[in-house]
Amino acid sequence: MSEKPLVRFDIEDGIGVITIDNPPVNALGPGVSDGIIAAVEQGENDPRVKAMVLMGAGRSFIAGADIRQFGKPRPTPARRSYDVIDQTSKPIVAAIHGFALGGGLEHALACHYRIAVPSAKVGLPEVLIGILPGGGGTQRLPRLIGPKAAMELIVSGRHVPAPEAKQLGIIDELVEGTDLRREAISYAQRIADRRPLPRVRDMNDKIAQAQADPGMFEAMRKSIARKARNQQAPYHCIAAVEASTREPFEEGLKTERRLFGELENADEAKALRYAFFAEREVTKIPGQSKDMVIPEIKTAAVIGAGTMGGGIAMSFADFGFPVKILDVTPEAVEKGMQRIRDNYAISVKRGSLKQEEMEKRLPRIQAVDSFEAIADCDVVVEAVFEEMSVKKPVFAKLDAVMKPGALLLTNSSALDIDEIATVTKRPEAVAGAHFFSPANVMKLLEVVVGEKSAPSTIAGAMKMGRSIGKISAYAGNTDGFVANRSRAPFNTEMVLMVEEGALPEQVDKVMVDFGYPMGPFAVGDLAGLDIGAASRRRRAAADPNYRKLPIPDRLVELGRYGQKTGAGWYRYEKGDRTPHPDPAVKRIIEEVAQQMGIQQRAFTDEEILRRLLFASVNEACKILEEGKALRASDVDVMWLHGFGFPRYRGGLFFWADQIGPKEVYRQIEEWHQRYGARWKPADLLQRLAERGGSFREATAEVAG
Ligand code: T1G
């Protein structure tokens with residue numbers, strides 16, 4: 001049976017309709033551009049055709065070039081479909097639904113008219129995968145909407161809703177109604193005889209205007225300096241748009257292609273492409289049967305109106321879900337509700353949320369005063385104090401009142417899911433839903449699988465996470481689950497190095513230079529050193545061999561909790577969050593090190609970086625060996641969305657692969673000899689070092 005054509009052409013009422021049909025998102029994979037060229041030429045040469053329409057089949061217009069093809073050798077096409085579209089003598093209307101992104105929007109910009117349904121989104125997000133628009137977008141978009149607006153879109157890579165795209169001048173007309181094809185044909189008939197054809201390449205008035213403000217490019221470079229440090233693509237995007245104001249169209253296209261070529265195979269682009277696909281892979285659980293019934297979540301409840309509970313309730317309300325919130329007393333619930341109201345008000349004040357949007361979301365959160373009031377909810381997320389003796393009675397109560405089929409989830413960040421489930425008669429409905437603080441902001445959701453958690457419960461929790469804008473990641477039930485467990489050695493090594501002579505400000509500078517928005521010691525001060533001290537006390541109580549950390553304990557004893565007390569690892573001026581190195585801390589460090597008999601020494605920045613991240617790479621290898629994570633790339637997604645790991649470095653394992661398992665193993669084995677058991681190399685690491693292979697391809701199956 002012949003393969004379905006990737007591009008179809010048919011004629012209706014004198015209009016040639018070109019339909020891209022390359023599921024799932026009509027990416028411009030192999031054969032698509034040639035198909036478009038053939039169809040356009042068919043329309044061009046058919047006297048019955050007065051004008052043409054370009055559209056996508058299925059759920060989208062065109063989501064851009066096929067990202068899987070990047071980094072692979074590709075024949076340079078003799079002709080590009082953008083140019084063929086541009087050069088026709090008959091008008092072509094791009095009819096957009098779903099997404100017109102990257103090469104997709106560039107095809108639409110090469111067309112002579114663009115119409116869209118209001119729900120469509122358009123954009124040039126290439127910078128998000130470390131490249132720039134390579135299909136004429138950096139030369140056509142500035143001509144259509146002006147260099148300033150074009151530069152903002154191309155450097156941010158954001159997806160623009162169609163109504164805003166209309167305002168900007170990208171879209172000529174928004175079409176209501178459900179039959180886009182019909183609407184497009186009527187539109188094409190209306191403009192069929194209009195001449196000359198409005199070719200974007202010929203539109204130079206906005207370019208001329210911009211020449212009055214040549215400083216805009218330097219201003220943009222300055223404005224992105226902090227966020228785009230260590231990256232190339234955002235600056236190449238600016239340079240390409242700048243070229244559109246200085247060079248004739250064809251010369252500008254050459255500049256665009258040259259800049260594109262400089263980025264495609266750079267480490268930054270490879271890391272960002274890896275992250276793109278890793279974020280899609282993390283949603284898939286191997287062996288899940290296709291016909292499994294996944295519970296539908298329409299209503300939610302949260303137990304505990306504290307910081308986490310409030311943030312979780314906001315996550316549901318932010319995505320349109322009605323959510324009930326319960327706490328031990330009406331006062332506690334009201335306190336939680338007030339915190340939620342305050343958080344929304346701050347977002348409105350900052351301009352990141354519209355007043356009317358807040359007024360839509362707040363009523364979705366309903367304070368209730370009994371377990372019975374939440375009995376009919378599809379899912380309940382428990383977010384009470386992180387003590388087993390507090391959580392178990394809550395789950396016993398939930399088991400008694402919640403309707404059959406409801407998901408019983410805990411937001412615990414480390415406690416044993418199986419232990420919690422023992423107090424219920426339906427352990428199959430129990431799982432972990434570990435949100436990261438602030439829960440309404442952080443995108444990562446660890447779905448923790450208990451021994452008796454049903455596959456449908458896990459699938460339901462994963463889907464719930466995606467429906468509230470989270471990246472759901474599968475995690476096995478182990479102390480600290482996957483994210484925190486892999487991070488814990490990092491947190492220990494940072495303090496041990498300070499005992500040995502490194503200073504907090506040196507460690508923080510290394511991690512900020514590496515690409516983190518903030519160093520780990522400054523983050524500690526933000527979160528509150530008393531929180532860390534409390535969890536260390538719990539661990540020391542549970543494990544006599546637990547390695548105490550006398551320096552941070554001393555800081556807490558001295559009331560240095562961090563920003564909230566004006567002093568922690570750093571000191572802070574009143575009303576200012578800027579961390580200032582504090583000689584008092586240096587003295588405490590030296591005193592404690594002396595008392596511990598530790599000879600202090602100098603550290604290189606490279607040693608600091610490796611000690612921190614190799615410690616976590618080693619632990620993450622053990623997690624994979626134990627099957628507590630499905631794939632190495634899942635761990636990377638967790639570090640990107642749970643710990644702010646610099647995205648253009650791909651993730652923990654992707655970064656470690658740049659150094660290579662051999663060298664990572666050699667270094668860790670050296671520290672194993674020097675520091676002892678905590679640096680014992682994981683078996684997986686040793687195997688990869690000895691037999692070859694990369695970290696990022698490691699899966700639980702192989703690692704086990
Ligand atoms: N190439 C290859 N595969 C793609 C793809 C693409 N451009 N976009 C999506 N997929 C796959 C994805 O991996 C997943 O596969 C499935 O489609 C559904 O995607 C010349 C150089 C469009 C907003 O950057 O942002 O054009 O996991 O789960 O959440 O200038 O996909 O099912 O096997 O993400 O509804 C520019 C990338 C390319 C857009 C839909 N375009 N895509 O989101 O579904 S560079 C982009 C997205 C370019 C030109 C340049 C999103 C989406 P699988 P999904 P979604």
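Visitor: What is the relative accessible area of Phe 521?
Guide: This model is predicted: local features need pLDDT of at least 70 and side-chain atom pairs count only at pLDDT 80 or more, while totals for chains, interfaces and linings use all residues. Residues are numbered from 1 along each chain as its sequence is written, and side-chain values use heavy atoms, with hydrogens and water left out. A residue is buried under 20% relative accessible area, exposed over 50% and partly exposed in between (1.4 Å probe, protein chains only). Phe 521 is therefore buried, with a relative accessible area of 0%.

Visitor: Is Trp 569 buried or exposed?
Guide: The relative accessible area of Trp 569 is 3%. Trp 569 therefore counts as buried.

Visitor: Are the rings of Phe 514 and Tyr 516 stacked or edge-to-face?
Guide: Rings of Phe, Tyr and Trp (its six-membered ring) pair if their centres lie within 6.5 Å; planes under 30 degrees apart are stacked, those over 60 are edge-to-face and the rest are tilted. A search of the whole structure gives 18 aromatic pairs. The centres of the Phe 514 and Tyr 516 rings are 6.4 Å apart and their planes stand at 25°, so this pair is stacked.

Visitor: How many residues apart in sequence are the parts that Phe 521 and Trp 569 tie together?
Guide: Phe 521 and Trp 569 form an edge-to-face pair, with 4.7 Å from centre to centre and 70° between the planes. Helices (H or I, at least four residues) and strands (E, at least two) are DSSP runs, numbered from the N terminus. Phe 521 belongs to helix α21 (residues 520–527) and Trp 569 to the loop between α23 (550–557) and β18 (570–571). The pair therefore ties together parts whose separation in sequence is 48 residues.

Visitor: Which residue lies over the face of Phe 490?
Guide: Phe 490 is one of the residues that ring pairs link into a cluster, which also includes Phe 436, Phe 514 and Tyr 516. A charge sits over a ring if NZ of Lys or CZ of Arg is within 6 Å of the ring centre and within 35 degrees of the ring normal. At 3.9 Å from the centre of the Phe 490 ring, the residue over its face is Arg 487.

Visitor: How many residues of β3 are buried?
Guide: β3 pairs with β2 in the parallel sense over six bridges, and the partner of Val 17 in β3 is Val 53. Ala 51, Val 53 and Met 55 point one way from β3, while Met 52, Leu 54 and Gly 56 point the other way, and all are buried. The number of buried residues in β3 is thus, as a count, six of six.

Visitor: Where is Lys 324 placed?
Guide: Lys 324 counts as buried at 18% relative accessibility. Leaving aside neighbours within four places in sequence, Lys 324 is in contact with residues including Ala 300, Gln 366 and Asp 376. The place of Lys 324 is in strand β11 (residues 323–326).

Visitor: How far apart in space are Val 380 and Gln 366, C-alpha to C-alpha?
Guide: Val 380 is found in strand β13 (residues 379–382) and is buried, with a relative accessible area of 0%. Leaving aside neighbours within four places in sequence, the contacts of Val 380 include Ala 301, Ile 303 and Leu 398. Val 380 and Gln 366 are 14 residues apart in sequence, and their C-alpha to C-alpha distance is 14 Å.

Notes
Contact means heavy atoms within 4.5 Å. Two strands pair if DSSP finds at least two bridges between them.
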